[in-house]
Amino acid sequence: MSETPRGTVIFDLDGTLVDSAPDLADTLDEVLADRGLAPIGLDGTRALIGHGIPALVRSALVLRQGPVTEDDLARASDRFLSIYSGRLAAKTRPYPGAPEVLDALAGAGWRLTVCTNKREAAASEVLRELGLLRFFAQVAGPDTFEAAKPDPAHLLGLLPCPQPAVVVGDSEIDVAAARAAGLPVVAVAWGYARRPVGDLGADAIAFRFEQVPGLVEGLSPRPRHR
Ligand SMILES: O=C(O)COP(=O)(O)O
Ligand SMILES: [Mg+2]
């Protein structure tokens, strides 16, 4: 990385850098099977990802068994985490082009960070197992600053001083957090958004990973050097 960072790119994780839905779906279906409930499957799981694991488990239980008590949710979330921690990157893979683009952005002087609603330790471990952790100066989960997207504090914690920054994410949650933080945002077309990517209200859309650096450059003011 160059001595004067160009600015910070804040990447979302699930649905943006990595396709984690297969491992999340397998885990969710195992939790449901333990309870004699029908599976949600890959497509069903994709539609529930983005607000973190407790929210994912709650949504699945509500769909399959109706209202859930907080105790029951805590038990099911613990069970989910114990299964998921053994298969964080069993089927999870970076999206095509991600490693090359991260390498290029770092080489161009960008400071790279991750802002995810997956807990910090699990997010870092997924990135480590996929060989991507080395690109990132910091990885922030909802437990890092005690703030979870769409709370802008989750993004702003990654920017300790005023600097150019661009958010890259796949969902309405990422766009809402970026808007609340006053940061420009690129939406990627390959993730888990519940709406068409053109309806997310992002400043730009990437249809392939290779488009990300050009869009990030275009949205970021050049820092002034004295
Ligand atoms: O819901 C999750 O698992 C977190 O997803 P995110 O990395 O897209 O924030
Ligand atoms: Mg996401």
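Trainee: Where is Pro 150 placed?

Mentor: In the loop between strand E5 (138-140) and helix H7 (152-156). Helices (H or I, at least four residues) and strands (E, at least two) are DSSP runs, numbered from the N terminus.

Trainee: What sort of model is this, and how are things numbered?

Mentor: Residues are numbered from 1 along each chain as its sequence is written, while chains are lettered from A and ligands numbered from 1 in the order in which they are written. This is a predicted model, where local features need pLDDT of at least 70, side-chain atom pairs count only at pLDDT 80 or more, and totals for chains, interfaces and linings use all residues.

Trainee: Back to Pro 150. Which kind of peptide bond joins Lys 149 to it, cis or trans?

Mentor: Cis, with omega about 15 degrees. Most peptide bonds are trans, and most residues other than glycine have a negative phi.

Trainee: What is the phi of Glu 146?

Mentor: Positive, about 55 degrees, although Glu 146 is not a glycine. Glu 146 is also in the loop between E5 and H7.

Trainee: Is Glu 146 buried or exposed?

Mentor: Exposed, because 10 C-beta neighbours lie inside 10 Å. The cut-offs, with C-beta atoms placed from the backbone, are 20 or more other C-beta atoms within 10 Å of its own for buried, 12 or fewer for exposed, and partly exposed in between.

Trainee: New topic. How is the protein chain divided into domains?

Mentor: Into domain 1 (7-20 + 92-219) and domain 2 (21-84), with bounds from an automatic or database domain assignment. Their centres, taken over C-alpha atoms, are separated by 24 Å.

Trainee: How many residues of each domain are in contact with the other?

Mentor: 13 residues of domain 1 with ten residues of domain 2, contact meaning that the two C-beta atoms, placed from the backbone, lie within 7 Å. The side of domain 1 that touches domain 2 has four nonpolar, five polar and four charged residues. Here Ala, Val, Leu, Ile, Met, Phe, Trp, Tyr, Cys and Pro count as nonpolar, Asp, Glu, Lys and Arg as charged, and the others, Gly among them, as polar.

Trainee: And where does ligand 1 lie?

Mentor: Between the domains, because both give residues to its shell. That shell has 13 residues, the closest being Leu 13, Asp 14, Thr 116, Asn 117 and Lys 118; a residue belongs if its C-beta atom, placed from the backbone, lies within 6 Å of the ligand. The shell divides into four nonpolar, six polar and three charged residues.

Trainee: Which residues does UniProt give as "binding site"?

Mentor: Asp 12, Asp 14 and Asp 170, in an unreviewed entry. They are spread over 159 residues of sequence, yet the largest C-alpha distance is 8.1 Å. UniProt also places "active site" at Asp 12. Its positions are given in the numbering used here, with feature names shortened, and annotations may be inferred rather than shown by experiment.

Trainee: Is Asp 12 buried or exposed?

Mentor: Buried, because Asp 12 has 29 C-beta neighbours inside 10 Å. Asp 14 is buried with 26, and Asp 170 with 28.

Trainee: What does Asp 12 touch, leaving out residues up to four places away in sequence?

Mentor: Cys 115, Thr 116, Val 168, Gly 169, Asp 170 and Asp 174. On that basis, the contacts of Asp 14 include Thr 116, Lys 118 and Tyr 192.
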